[in-house]
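Trainee: I would like to take a close look at a single part of this structure, and I would be glad of a connected account of it.

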Amino acid sequence: MQETRYDWLEDRWVLFAPNREQRPNEYICKENAPANKLAACPFCAGFEQSTPAPSLVLPLSELESTTILRRDEVNKNIIRTRSKWKVRVVPNKYPAVQTHAAATDHSQLAMLAGGLDSFSYQLEHQSDEGTRREADVMIASADLFRKEIPTGVHEVVIESPDHDQSLSGLSLSHVELVFQAYKMRLQHFRSKQEIKHAIIFKNYGPDAGASLSHSHSQLVGLGFVPSEVNRRNQRLLEYFEKHESCYHCQIAAEEERVGDRLICASEHFVVYAPFAGRFPFEFVIHPRTHRSHFDELIRSELKDLAGIVKSSLGALERTQPHLSYNMVLNTSPFSNSHSLAHHWNIQVLPRSAKIAGFELGTDCFINTVKPEHAAAVLRSAI
Ligand SMILES: [Zn+2]
Ligand SMILES: [Zn+2]
């Protein structure tokens, strides 16, 4: 069973999910791996039965029809498949976290998983002075080794029925549909009491942690707000209280005014390479309209976002071919009460540089490409 363990020193939760060891990895050639792994891509049109039942399907309109051509890697035949869908959202077959039937009350679970042993020990031995001291040790041990049964959801957004399409290569209306799916699933989980926070991310390429090349992203909803999200939001709140304005709105306005780290801009978005970005060619997609939550976007913003993502990701893929990257959608925790201070955004984090000993030991990053140069390269490719 999965569990989360708390690292007190780092103020950090770690999710343990041994089940994810079993997931197929297209990029790793294991002994005895099936030779037809691409022919059996579970995200391709025609293989819908390979995934759990979908939680959302965005179909083709009645006027559209799509025929997917795919090469069977075993027989080298071209397979023709008709698809009736454009975007499918399915539960992850190998979830990092999942809803446990009994896990409806996180605080009760915390006591059950982290404190039950020491709690029952105290009841049984409370009259005995010697064992009471032992019980104190047990309580200290429960504090040091705090663990919980996590509550959450883990879904896969299959962005296209076509194996060979990347997000930036999809049509504008298709990319809009992907973001529509994000919005609908976030709205759905926002209404669930047991889910406190959700993150959507995309791992593109093996160095970014992708296990299948078929274009997809993932949504993880958690029954707790991760410490790093809390820390960042606290910093944003401090900035807001001191300056009476949103940090992200200020930064984006200044980046657009100065311009040397600006990559592109549209009616609703500003894209720039952050001043102290950790990774070469890192950039931020910043929405001009101040909103704390992504799922509040209106249709015109979704459409504009599709265009700006297509052009900025396309520029990255053209100028840095074969580069892996993570795309992370940061949206506020569902019960956020500081919506004026928090501002959703998308980070694109290229992974040409490995996180090595120095970064792991200091949380200080070495970036070999200045953001001003990265912005100029990407700007010229748009
Ligand atoms: Zn596929
Ligand atoms: Zn703002």
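This is a predicted model: local features need pLDDT of at least 70, side-chain atom pairs count only at pLDDT 80 or more; totals for chains, interfaces and linings use all residues.

Which residue in E14 does Phe 201 stand opposite?

Mentor: Phe 201 stands opposite Val 328 in E14, and the two strands concerned, E9 (residues 197–204) and E14 (residues 325–330), pair in the antiparallel sense over five bridges. Both belong to an open sheet of ten strands, with antiparallel pairing, whose order is E3-E6-E8-E10-E9-E14-E15-E13-E12-E11. At its edges are strand E3 (56–59) and E11, each of which pairs on one side only, and neighbouring strands of this sheet are turned by 15° against each other on average, if direction is ignored. Helix H8 packs on the sheet, where it touches E11, E12 and E13, and the direction of H8 makes about 40° with that of E11.

Looking at the helix itself, H8 spans residues 371–380, and its buried residues are Pro 371, Ala 374, Ala 375 and Leu 378. Seen down the axis of H8, these buried residues fall within an arc of 100°, so they line one face of the helix. In general, an α-helix has 3.6 residues a turn, so residues three or four places apart point the same way. The covering of the buried residues of H8 includes strand E11 (262–265), strand E12 (269–272) and strand E13 (283–287), together with helix H6 (299–319). The face of H8 turned away from this buried side, by contrast, carries the exposed residues Glu 372 and Ser 380.

Terms used
Residues are numbered from 1 along each chain as its sequence is written. Chains are lettered from A and ligands numbered from 1 in the order in which they are written. A residue is buried if 20 or more other C-beta atoms lie within 10 Å of its own, exposed if 12 or fewer, and partly exposed in between; C-beta atoms are placed from the backbone. Helices (H or I, at least four residues) and strands (E, at least two) are DSSP runs, numbered from the N terminus. The arc is that of the directions from the helix axis to the C-beta atoms. Two residues are in contact if their C-beta atoms, placed from the backbone, lie within 7 Å. Two strands pair if DSSP finds at least two bridges between them. Axes are lines fitted to C-alpha atoms, for helices over the stretch in contact, and angles run from 0 to 180 degrees between N-to-C directions.
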